[in-house]
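I opened this notebook to keep track of what I looked up, beginning with a pocket and moving on to a strand.

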Amino acid sequence: MVQTKIIPGYPALMINDKEKNLVITDLHIGFENNLSQNNIFLGKNTTINESIKEVKKIINKTKPDSLILLGDIKSGIKSITKIEWDTVPIFFENIKKYVDITIIPGNHDANIEKLIPSGVTSATSKGLIIEDILLTHGHTMPSENFSHVNKIIMGHVHPVFFQEESVVNGKRVWVSIKSKKQNIFPSKTGELEITIMPSFNKYFYATHKAFYKKSISPIIDKIEVVEAKILTLDGTIIGNESLLPNII
């Protein structure tokens, strides 16, 4: 039976099936381009080197058979920026030495195929099925063809916890939701579990809610929440469904 577990302390998930599948989302490689427009400058290749180092650390720790990227590998939406031309291939070339890679394109991944080296697999943006789990970025509604699944794992939303007096204010979090299945798959009944992964990009947080912009997901717009859990990166439960309006 397929099992999923959070990698404590990291925005990463392991799916144990016939193989061990490590899952991360929302790298947003090349996002420095947006920062520079606001006169915020990071050193050349600082963030891509950080991302490679962090992913390698998780791979060494968990020894997966494959790495699944749940979309928004790059940051530009409609085009490929110069920084993406330079850095996205560097990421893939470094990581594919250690593990097989599959990508599920997100809404920021237009023309990503031009940046993918040989040996990296690209799935459809509709998502990828492992047993009864749908892995998808989260920016599109799942097909009714996937209605047999009991769980959706997605990114896109970049969940962040806001509570000024809290020590985890402005930090990335996990969100686990139980919803009525028919809201996503009208032909089915029962419950559907939805896991929203934290962004791998550690710069996607803010200490004041006014400065944070969350992504809108049609999946989240459609669900009817039965119950929910909010968890820190290390898996500690810090809230329930009452906090969802502040997070997603």
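**Pocket lining, then a strand**

I sorted the lining of the second largest pocket and found 9 nonpolar, 7 polar and 7 charged residues, where Ala, Val, Leu, Ile, Met, Phe, Trp, Tyr, Cys and Pro count as nonpolar, Asp, Glu, Lys and Arg as charged, and the others, Gly among them, as polar. I note that this is a predicted model, in which local features need pLDDT of at least 70 and side-chain atom pairs pLDDT 80 or more, while totals for chains, interfaces and linings use all residues. Residues are numbered from 1 along each chain as its sequence is written, and side-chain values use heavy atoms, without hydrogens and water.

I read the space in the second largest pocket as about 360 Å³; a pocket here is an open set of points on a 1 Å grid over the protein atoms alone, where a 1.4 Å probe fits, with protein on both sides within 12 Å along at least five of seven lines, and lining residues have an atom within 4 Å of a point. Of its 23 lining residues, E50, S51, E54, F200 and K202 are the closest to the centre. Helix α2 (residues 46–62) gives the largest share of the lining, 7 residues; helices are DSSP runs of H or I with at least four residues, strands runs of E with at least two, numbered from the N terminus.

I then turned to strand β4 (residues 66–69), where S66 and I68 on one side and L67 and L69 on the other are all buried, that is, under 20% relative accessible area with a 1.4 Å probe, protein chains only. Strand β3 (residues 20–24) pairs with β4 in the parallel sense over 4 bridges, pairing requiring at least two DSSP bridges.

Methods:
Buried means under 20% relative accessible area, exposed over 50%, partly exposed in between (1.4 Å probe, protein chains only). Grid points are joined across faces, edges and corners, and a volume is the space filled by probe spheres set on the points.
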